[in-house]
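Visitor: I would like to go through this structure and ask what lies behind each label. Please set the values against the cut-offs as we go.

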Amino acid sequence: QVHLEESGGGFVQAGGSLRLSCAASGGTYALGWFRQAPGKEREFVATISRSSLTRFYADSVKGRFTISRDNTKNTVYLQMNSLRPEDTAAYFCAAGRAPSLWRHEYDSWGQGTQVTVSS
């Protein structure tokens with residue numbers, strides 16, 4: 001399994017921006033971001049292939065969030081712009097064999113980083 005560690009969460013006002021980072025322990029994998037709000041299921045946010053050629057986004061974040069990666073640093077990023085209160089959640093990084101929208105296709109997960117957006 002891959003060790004993943006997220007950072008970059010915090011508190012921001014609506015309309016603001018944050019950039020999340022996730023450092024992987026090694027190897028090259030498809031990397032994804034999911035989020036989970038209190039009392040809700042963990043949901044897909046974005047994913048990126050090893051080569052960065054394939055990227056998928058949830059409809060709720062398209063045009064506002066951008067996923068990218070730096071394989072020299074084994075790090076994936078999630079740039080979040082135009083944040084809304086409904087984006088408030090714990091954000092989790094995950095590693096898998098291929099980019100996927102489905103949680104069960106990821107083998108390793110980070111501990112999560114909290115993002116809180118105030119109205």
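Visitor: Which residue takes a positive phi in the hairpin of β7 and β8?

Guide: Asn74 does, with a phi near 50°. The hairpin has 4 residues between its strands. Keep in mind that this is a predicted model.

Visitor: What makes β7 and β8 a pair of strands?

Guide: Two strands count as paired if there are at least two bridges between them. β7 (residues 65-70) and β8 (residues 75-80) have 6 bridges, in the antiparallel sense, so they qualify. Within this pairing, Phe65 stands opposite Met80 in β8.

Visitor: Which side chains of β7 point to the buried face?

Guide: Phe65, Ile67 and Arg69 point to one face and are buried.

Visitor: Why is the contact of Arg35 with Glu43 called a salt bridge?

Guide: The cut-off is a side-chain nitrogen of Lys or Arg within 4 Å of a carboxyl oxygen of Asp or Glu. For Arg35 and Glu43 the closest N and O atoms are 2.6 Å apart, so the pair meets the cut-off. Side chains of opposite charge can pair when their charged atoms come close.

Visitor: Is Arg35 buried or exposed, and what is Glu43 called?

Guide: Buried means under 20% relative accessible area, and exposed means over 50%. Arg35 has 5%, so Arg35 is buried. Glu43 has 36%, which falls in between, so Glu43 counts as partly exposed.

Visitor: What does the salt bridge of Arg103 with Glu41 tie together?

Guide: In this salt bridge the closest N and O atoms are 3.5 Å apart. Arg103 lies in the loop between β9 (89-96) and β10 (106-109), and Glu41 in the loop between β4 (30-36) and β5 (43-48), so the bridge ties together parts that are 62 residues apart in sequence. Arg103 is partly exposed at 39% relative accessible area, while Glu41 is exposed at 59%.

Visitor: What makes Phe34 and Tyr106 an edge-to-face pair?

Guide: Ring centres must lie within 6.5 Å for a pair, and planes over 60 degrees apart count as edge-to-face. Phe34 is in strand β4 and Tyr106 in strand β10, 72 residues apart. Phe34 and Tyr106 are buried. Ring pairs also link Phe34, Phe44, Tyr106 and Trp109 into a cluster.

Visitor: Over which rings does the charged end of Arg42 sit?

Guide: One is the ring of Phe92, with the charged end 3.6 Å from its centre. The other is the ring of Trp109, at 5.1 Å from its centre. The distance limit is within 6 Å.

Visitor: Which members of the largest nonpolar core touch the most other members?

Guide: Trp33, Leu78, Met80 and Tyr91 do, in a core of 32 residues. The elements that give two or more residues to this core are β3 (18-24), β4, β5, β7, β8, β9 and β11 (113-118). β9 gives the most, with 5 residues.

Visitor: What makes Ala46 buried?

Guide: Ala46 has a relative accessible area of 0%, against a limit of under 20%, so the label applies. Ala46 is placed in strand β5. Apart from residues up to four places away in sequence, its contacts are Leu31, Gly32, Trp33, Phe56, Tyr57, Ile67 and Leu78.

Methods
Residues are numbered from 1 along each chain as its sequence is written. This is a predicted model: local features need pLDDT of at least 70, side-chain atom pairs count only at pLDDT 80 or more; totals for chains, interfaces and linings use all residues. Side-chain values use heavy atoms; hydrogens and water are left out. Buried means under 20% relative accessible area, exposed over 50%, partly exposed in between (1.4 Å probe, protein chains only). A nonpolar core is a set of buried Ala, Val, Leu, Ile, Met, Phe, Trp, Tyr and Cys residues joined through side-chain atoms within 4.5 Å. Rings of Phe, Tyr and Trp (its six-membered ring) pair if their centres lie within 6.5 Å; planes under 30 degrees apart count as stacked, over 60 as edge-to-face and the rest as tilted. A charge sits over a ring if NZ of Lys or CZ of Arg is within 6 Å of the ring centre and within 35 degrees of the ring normal. Contact means heavy atoms within 4.5 Å.
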